[in-house]
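Please examine the structure shown below.

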Protein chains: 2
Amino acid sequence: MNCLSVAPIQSSHPPASRTRSSAPRIALDSIDLEILKNLQQDGRISKSQLAERVNLSASACFERMRRLEQQKLILSYHANINVRVLAQYEVFFAELTLKSHRIYDFDRFERHVAKLGPVAECYALGGGIDYLLKVITTDIESYQEIIEDLLVADIGIERYCTYICTKMVKTTGGIPLQAVL
Amino acid sequence: MNCLSVAPIQSSHPPASRTRSSAPRIALDSIDLEILKNLQQDGRISKSQLAERVNLSASACFERMRRLEQQKLILSYHANINVRVLAQYEVFFAELTLKSHRIYDFDRFERHVAKLGPVAECYALGGGIDYLLKVITTDIESYQEIIEDLLVADIGIERYCTYICTKMVKTTGGIPLQAVL
DNA sequence: TGGTCTGCCGAATTTAGTTCGGCCAGCGGG
DNA sequence: CCCGCTGGCCGAACTAAATTCGGCAGACCA
């Protein structure tokens, strides 16, 4: 039973293109791409070092970097913190299905979960389930509380299914540039 | 059918504690925590600005930051790139089950998928399925190729199930500190 | 009390960030 | 063909940040 579920995307889902159409493709030269790749790898590299790596003067590199930030090609910078050393936490995945599929039902649900701190990620899916949530809490009890809060919040959840993460085999921050360019 | 699946973690799974025990908890004072939170939010803030925010002199802040990096509490820094503007891509989630659950089977599978560039994330799960993969490719065809490569690679996959992401409702980089401290 | 240790401050120095003027190549119009 | 415009680059000059260093103050212990 290999259910490659590409087809049955509920038509009432906010289409993916809505999110995407707001961002028309931009053409960059190879130096800009190199800058982006370097900053994705090392977000705190100095501008002068970066200039060396892409074979540019510091000032030229400075201008390009500022342009990339202004054009919102670089959205933000983040430190990757070793949280495991600081605190106990558990990662859960919850698959959810809604009772009905009007655009209002999706919006209500999405606005609700987006506000929840422990909900680290939320994806609308095609193929049998409506949403996948990644929830991070200190322990199972806190997770259960969040689920119960969701169920009593009257945001149209029909059913859910939880998987607990027992090992993070691979994690990368964001989209691997080399895989999509 | 609300299947909160906490219990049946296969005993042959690498126990989560194995990954965690190598990282004994470290106690930090409130200033260190403030530094970490600020750097998680803005990974490229200048050390002098950071010093202001946490009410420290630049040199004291400098020493703390260097210590946090040396202690591997700060693992890395990354720029968040607006990839949607650069390239077309699709996000897929694949749930996989292995044919048999010896430690060797898990290791072989994990080593294989960890090497694949389009596999952005991989989690071992408890509760009916063995692994959840997040795969990012340019289109459905590329995804299908990756799946087929996995199936012919003879790494013990019994079955899989794909969900395509139609909307990224919420994404955060990493673990939300305020949710687990 | 005296010694040691830790973490902080602030001055001094080194390095990086930023601005600016000028150069050069490419382009389009007279 | 020549002219002027433009965009992007370089490098010098300046400003700001990073880093080093000496010394001070409080905590701790003998």
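A residue counts as near a molecule or strand if one of its heavy atoms lies within 4 Å of it. By this criterion, DNA strand C is surrounded by residues of chains A and B, among them A:Ser46, A:Phe62, B:Leu56 and B:Arg64. This is a predicted model, in which local features need pLDDT of at least 70 and side-chain atom pairs count only at pLDDT 80 or more, while totals for chains, interfaces and linings use all residues. Residues are numbered from 1 along each chain as its sequence is written, chains are lettered from A and ligands numbered from 1 in the order in which they are written, and side-chain values use heavy atoms, with hydrogens and water left out.

**Surroundings of DNA strand C**

- Chain A places Ser46, Lys47, Ser48, Ser59 and Phe62 around DNA strand C, and chain B places Leu56, Ser57, Ser59, Ala60 and Arg64 there.
- Sugar or phosphate accounts for 70% of the atoms of DNA strand C within 4 Å of the protein, and bases for the rest.
- The surface near DNA strand C comprises three nonpolar, five polar and two charged residues (Ala, Val, Leu, Ile, Met, Phe, Trp, Tyr, Cys and Pro count as nonpolar, Asp, Glu, Lys and Arg as charged, and the others, Gly among them, as polar).
- Helix H3 (47–53) and helix H4 (58–70) of chain A, and helix H4 (58–70) of chain B, each supply at least two residues of this surface; helices (H or I, at least four residues) are DSSP runs, numbered from the N terminus.
- H4(B) provides the largest share of the surface near DNA strand C, three residues.

- A polar contact here is a pair of N or O atoms within 3.5 Å.
- The side chain of B:Ser59 has an N or O atom 2.8 Å from a base oxygen of DNA strand C.

**Surroundings of DNA strand D**

- The residues around DNA strand D include A:Leu56, A:Ala60, A:Arg64, B:Lys47 and B:Phe62.
- H4(A) gives the most to the surface near DNA strand D, with three residues.
- Three nonpolar, five polar and two charged residues make up that surface.

**Polar contacts to DNA strand D**

- Phosphate oxygens of DNA strand D lie 2.7 Å from a polar side-chain atom of A:Ser57 and 2.7 Å from one of B:Ser48.
- A base oxygen of DNA strand D is 2.8 Å from a polar side-chain atom of A:Ser59.

Notes:
Polar contact = N/O pair within 3.5 Å; in protein donor to acceptor, adjacent residues only side chain to side chain.
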